[in-house]
Amino acid sequence: KLGGHTITGSIDRIDRDARGLHLIDYKSSKSPKELAKDKKDQLVLYHIAAEEVLKEPVAALTFYFLEDQQAKTFEATDKQKDKLKEDIVSRIAQIQSSDFAPTAKPEVCKNCDYKDICQYARV
């Protein structure tokens, strides 16, 4: 739960070792050179959920890319977790207030279904 709202999802795999939980998400694609922040957010959210629901420390977060058999592992900081919580609560509030102002950023616009007809598109 965040901000009184329930968020659901599925963690692909959870391993336990002496340091704590290791959360793993499988991707069918090739590994990128660098993990983008918005991609990391998925596992950071799983980190938050695992700590709150399972009441165990999370030691590592890993994306495993099946196409080239590469793993990208990182840890989430308290600052990243707090920022993501704030962002999610803010997005929920925007949705509830029907605030759908355009987010004109290349990283957002490139995947938008309306980029070809939107006057704000930045691609």
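I began with lysine 55, which counts as exposed because its relative accessibility is 68%; exposed means over 50%, buried under 20%, and partly exposed in between (1.4 Å probe, protein chains only). Lysine 55 sits in the loop between H1 and E3; helices (H or I, at least four residues) and strands (E, at least two) are DSSP runs, numbered from the N terminus. Its phi is near 55°, positive in a residue other than glycine. Most residues other than glycine have a negative phi.

I noted that this is a predicted model, where local features need pLDDT of at least 70, side-chain atom pairs count only at pLDDT 80 or more, and totals for chains, interfaces and linings use all residues. Residues are numbered from 1 along each chain as its sequence is written, and side-chain values use heavy atoms, leaving out hydrogens and water.

I then checked glutamine 69. It is not a glycine either, yet its phi is positive, about 55°. Glutamine 69 lies in the loop between E3 and strand E4 (70–74).

Last, I turned to leucine 54 in helix H1. Leucine 54 counts as partly exposed because its relative accessibility is 34%.
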